[in-house]
Amino acid sequence: MLVVIETISLLIQPIALAVRLTANITAGHLLIHLIGDAILALSTTNFSITLLTSMLLALLTILEIAVALIQAYVFTLLISLYLYNNT
């Protein structure tokens with residue numbers, strides 16, 4: 001019984017890692033898309049608010065790039081740990 005539980009645990013770890021990575025990427029892209037739509041909607045009404053939201057979008061893009069780099073590092077680190085523990 002213990003062998004079955006350990007085998008399932010080892011198989012689920014990479015799947016959970018992939019789900020976490022996908023959720024982080026999707027959340028960042030969704031936020032950038034929503035703010036981009038807000039910029040398009042506000043571009044005809046108020047220039048100062050459009051400029052402010054454009055700067056916010058630029059900062060979020062930089063944050064998204066940083067999160068992507070961190071996620072890639074964590075993904076690589078955890079996959080290497082999972083593979084090392086399985087051998």
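Glutamine 71 touches Arg20, Leu21 and Asn24, setting aside residues up to four places away in sequence; contact here means heavy atoms within 4.5 Å. This is a predicted model, so local features need pLDDT of at least 70 and side-chain atom pairs count only at pLDDT 80 or more, while totals for chains, interfaces and linings use all residues. Residues are numbered from 1 along each chain as its sequence is written, and side-chain values use heavy atoms, with hydrogens and water left out.

Back to glutamine 71: it is found in helix 2, residues 47-86. Helices are DSSP runs of H or I with at least four residues, numbered from the N terminus. Glutamine 71 counts as buried because its relative accessibility is 12%. The cut-offs are under 20% relative accessible area for buried, over 50% for exposed, and partly exposed in between, with a 1.4 Å probe and protein chains only.

On the same terms, leucine 78 is in contact with Leu17 and Arg20.

Here are some C-alpha separations for these contacts.

| Pair | Apart in sequence | C-alpha to C-alpha |
|---|---|---|
| Glutamine 71 and arginine 20 | 51 residues | 9.3 Å |
| Threonine 50 and isoleucine 39 | 11 residues | 5.6 Å |
| Leucine 78 and leucine 17 | 61 residues | 8.1 Å |

Now for helix 1, residues 2-42. Its 41 residues should span 60 Å at 1.5 Å a residue, and the end C-alpha atoms are 59 Å apart, which agrees. The expected span is 1.5 Å times one less than the number of residues. Helix 1 does bend by about 25° at isoleucine 12, and proline 14 follows within four residues. That bend is the angle between axes fitted to the seven residues ending there and the seven starting there. The buried residues in helix 1 include Leu17, Leu21 and Ile39.

What about the surface? Phe47, Leu51, Leu52 and Met55 form a nonpolar patch with about 460 Å² of accessible area together. Such patches take residues with over 30% relative accessible area and no salt bridge, joining nonpolar side chains (Val, Leu, Ile, Met, Phe, Trp, Tyr) within 5 Å. Methionine 55 sits in helix 2 and, at 48% relative accessibility, counts as partly exposed.

Note on methods
Helix = DSSP H or I, 4+ residues; strand = E, 2+ residues; numbered from the N terminus. Patch = residues over 30% accessible without salt bridge, like charges linked within 9 Å, V, L, I, M, F, W, Y side chains within 5 Å. Areas by Shrake-Rupley, 256 points an atom, 1.4 Å probe, with all protein chains shown as cover. Salt bridge = Lys/Arg side-chain N within 4 Å of Asp/Glu carboxyl O.
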